[in-house]
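Here are my notes on the model, as numbered points. Please read them with the structure open.

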Amino acid sequence: MREIRFEQFGEPADVLKICEVEEPIAKAGEVLVRMQASPVNPSDLLNIRGGYSTRPTLPATPGFEGVGTVEASGGGLRGALFKGKRVIVLNRQTGNWAEKVAVSSQFVIPVSAKLSLEEAATFFVNPATAYILVKQLLRIQKKQWLLQTAAASSVGKMIIRLGNHYGFPTLNVVRRHEQADQLKQLGAKHVIVFNAEHDNERILIDQIRKIIGNAPLQYAIDPVGGTTASSIIKVLGERARLILYGSLENAPVDFLSRELIRNGASVEGFWLARQMEAMSLLTKIKLISTLTRLIRTGVLATEIGAMFPLNQIAQAVTEAERTGRSGKVLLSLQDDA
């Protein structure tokens, strides 16, 4: 069978290659999944560059998320129940960019037949991140402000729609003016353009104050880090919470301790894989049901930009990071025809 592999960390388009390998065999507690499609997420590209929170043993196959059909089981009740079913594969060790993958049955979840291939392939990482952040961790109520950076990302757009759906206002920070126009068409009412490479942080702080006025900024989420997150800390309100869920800027968050001491605010880290491990089975089932409903109604829908076959992996990862790109890039994991 074929899989995508990298033998050293580096730029994805340079280090990824397609390889012919032996088909894996499902061990005890595992299932063998014939993969159909997998998205190219920022976490995948960060992992290939060696900057993810955990580094894989090389050589490695990327791919944290995807959809496929369970072909065989290595034993166990879950494996028997899942055989022949379409499932989403949450591969914490990566490895989904392959025609087949053997993975613990604990990391596959049956997905509704009502979802399209594209919806199923992008079912979990971004929708779950968006929903868990605002509804399970922060529990934002109506009319409470939420500030988010990288608002033009897939997660960012979902946050905007969640805000409109549940009735809380979002304050959305983007890097370019064309992104602001896109978000306003999506239904975002408040968008700030701020580029940490060129703009002074005072610009960001002043714009935030201008929009929210005397209202407290109680909630903020940030996947960027660096200068952007450091600036957000300076405008947090009384007992506010800032959750960091990425490090796109690849720079440290820099602030004085008194910025948190003066208002009792807190800064937290979020990793979806760890969050899921702490959930009970019943909570996971409820989450899957909620995500399915919100995806089908469009609230947590993922815009698809392009789909590439395995043998065009270099083009796929290049397109995934192209400036101005609209929509998620998917890999088709079966025939190239």
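Which side chains meet in a salt bridge at 2.7 Å, N to O? Arg241 and Glu268 do. Point 2 takes up that pair.

1. **Ground rules.** This is a predicted model, in which local features need pLDDT of at least 70, side-chain atom pairs count only at pLDDT 80 or more, and totals for chains, interfaces and linings use all residues. Residues are numbered from 1 along each chain as its sequence is written, and side-chain values use heavy atoms, with hydrogens and water left out.

2. **Arg241 and Glu268.** A salt bridge here is a side-chain nitrogen of Lys or Arg within 4 Å of a carboxyl oxygen of Asp or Glu. Arg241 lies in strand β12 (residues 241–244) and Glu268 in strand β13 (residues 266–269), so the bridge ties together parts that are 27 residues apart in sequence. Strands are DSSP runs of E, at least two residues; helices are runs of H or I, at least four; both are numbered from the N terminus. Arg241 is partly exposed at 24% relative accessibility. Glu268 is partly exposed too, at 25%. On this scale, buried means under 20% relative accessible area, exposed over 50%, and partly exposed in between (1.4 Å probe, protein chains only).

3. **Other salt bridges.** The count comes to 14. Arg202 pairs with Asp206, with the closest N and O atoms 3.1 Å apart. These two are four residues apart in helix α8 (residues 201–212), which means a separation of about one helical turn. Arg202 is partly exposed at 46%, and Asp206 is partly exposed at 41%. Arg322 and Glu319 form a bridge at 2.9 Å, N to O. Arg322 is partly exposed, with a relative accessible area of 42%. Salt bridges also link Glu23, Arg34, Glu71 and Lys100 in a network.

4. **Packing of α5 on α12.** Helix α5 (residues 125–137) packs against helix α12 (residues 281–296) at about 110°, with axes 11 Å apart. That makes the two roughly perpendicular, a label for angles of 65 to 115 degrees; under 35 is roughly parallel, over 145 roughly antiparallel, and the rest oblique. Axes are lines fitted to C-alpha atoms, for helices over the stretch in contact, and angles run from 0 to 180 degrees between N-to-C directions. From α5, the residues are Pro127, Ala128, Tyr131, Ile132 and Gln136; from α12, they are Leu287, Thr290, Leu291, Leu294 and Ile295. Contact means heavy atoms within 4.5 Å. By class, this contact has eight nonpolar, two polar and no charged residues.

5. **Helix α6.** This helix (residues 154–166) has 13 residues and reaches 18 Å from first C-alpha to last, close to the 18 Å expected at 1.5 Å a residue. The expected span is 1.5 Å times one less than the number of residues. Is α6 mostly covered or uncovered? Mostly covered: ten of its 13 residues are buried. Among them are Lys157 and Arg161. The cover includes α5, β8 (146–148), β9 (170–174), α7 (177–186), β11 (219–222) and α12. Just after α6, Gly167 takes a positive phi of about 90°.

6. **Lys114.** This residue sits in the loop between β7 (108–110) and α4 (117–121). Lys114 is exposed, at 60% relative accessibility. Leaving out residues up to four places away in sequence, Lys114 touches Glu119 and Arg296. The C-alpha atoms of Lys114 and Leu204 are 43 Å apart, and the two residues lie 90 residues apart along the chain.

Conventions
Nonpolar A, V, L, I, M, F, W, Y, C, P; charged D, E, K, R; others polar.
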